[in-house]
Structure formats: structure tokens, C-alpha cells
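Have a look at the picture, then take the points in order.

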Amino acid sequence: MEFSKSKDFFIGIDSDGTVFDSMTLKHTFSFIPAAIKVFELEEYKEISAIHKDTKGLMVKLDPDDEDIEKSVEFAKDCDIIILGMCSAIIFKNQVKLYDELKKLGKTIIVVAMESPYDIELIPDCKNYIATYGAARDWMKVAALRIFGKTNINAKSPITINY
């Protein structure tokens, strides 16, 4: 089938009936907070179930300067930092958070919980896991891999440029 232009404008209706991209709003204020609550991610259960000497801090999806400062202070006495990123391609201050944590000179392991393309924003990151979502099972596998309890033999279905 060949497409030929017949009108000057196109109006598309999203599957939920909106005429604008509302996914960012839905992810920010609905889906991600609900997933955190439903899968009990706020208590870092998957990490602490495997390694008892852990502590966790959750900040906003788009952390402000106060969140970043609090995170850096919180991480100062940690040996390893596990940083969960969630669509940093949208929430750019997550990259700023990574950059500030990097200044501590500690090992940082980034777990990309939504977009695997977040790595393109932090090309110097040496330790990176893309889970393609924040479901409890995915967080458990990431935690098992981080602490050497399992191997992951997977090939990315996408090409990442970094």
C-alpha cells in the first residue's frame, strides 16, 4: 500500500483517547509510583534479601539539586553505589545525579529500569544492567547478577550507541 498526502494536517488519537502525548505524565505520576508501591521497591527488598549490609534512598524521577545533594551525602560512606535510573532520556537530572555520585570515586552500578538507552547519556559508565522494566522478578535478577549469584547470558535486542 502506498501513502500519498491528501490533507495538510493529521490529527492522531492516542489509544487512551488523548490528542497529545500524555505518556510522560502518566509514567511520572501514575505508572512508576504505582509500580514502586505494588512491587514494594521502596524498601529495596531484592537487594537487601541478597546482601544484608545495604541501605537505600529513593529520590524523585527528576531529582532537584536538594535531592542530588542528599544522595551524595547518603552515598559517602558506601563502598558501592547501585543507582537505579528510570527513563533518564526524559528525566535529565538523573544524569546530573550520576555525575555528582561519580565524583565520590566509588564503584557505581547503574540499573536502567525502563529505557536501555539511558547508557547513551552516561558513556563512561562501566557497570550497567538494563532490565527493561521495574517488575520485582527483573529487580531480583539484577540483584542476583550484581552480587555474583547468577550469570546473565543475554544479547541486547537493540543497538546502543555510546
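1. Now the geometry. Two packed helices are described by the angle between their axes and the distance between the axes. For α3 and α4, the axes come within 10 Å and cross at roughly 30 degrees (axes are lines fitted to C-alpha atoms, for helices over the stretch in contact, with angles from 0 to 180 degrees between N-to-C directions).

2. A word on what you're looking at. This is a predicted model, where local features need pLDDT of at least 70 and side-chain atom pairs count only at pLDDT 80 or more, while totals for chains, interfaces and linings use all residues. Residues are numbered from 1 along each chain as its sequence is written, and side-chain values use heavy atoms, leaving out hydrogens and water.

3. Zooming out, the chain has 5 helices and 3 strands (DSSP runs numbered from the N terminus: helices are H or I, at least four residues, and strands E, at least two). Along the sequence they go α-α-α-β-α-β-β-α. Of the 162 residues, 30% count as buried (under 20% relative accessible area; exposed is over 50%, partly exposed in between, with a 1.4 Å probe and protein chains only).

4. What sits in the largest nonpolar core? That core has 16 residues, and L83, M85, Y98, L101, I108, V110 and I122 touch the most other members (a nonpolar core is a set of buried Ala, Val, Leu, Ile, Met, Phe, Trp, Tyr and Cys residues joined through side-chain atoms within 4.5 Å). Two or more residues each come from α3 (65-75), β1 (80-85), α4 (93-102) and β2 (107-112), and α4 gives the most, with 4. Leaving out residues up to four places away in sequence, I122 touches M85, V95, Y98 and V110. There's a second, separate core of 11 residues, with F91, I109, M113 and A142 among them.

5. Check I82 in strand β1 too. I82 is partly exposed, at 33% relative accessible area. Beyond its neighbours within four places in sequence, I82 is in contact with I47, I109, V111, I146 and F147.

6. S87, in the loop between β1 and α4, has phi near 55 degrees, a positive value in a residue other than glycine. Y132, in the loop between β3 (128-130) and α5, also isn't a glycine, yet has a positive phi of about 60 degrees. Are they buried or exposed? S87 is buried, at 12% relative accessible area, whereas Y132 is partly exposed, at 39%.

Definitions and conventions
Contact means heavy atoms within 4.5 Å.
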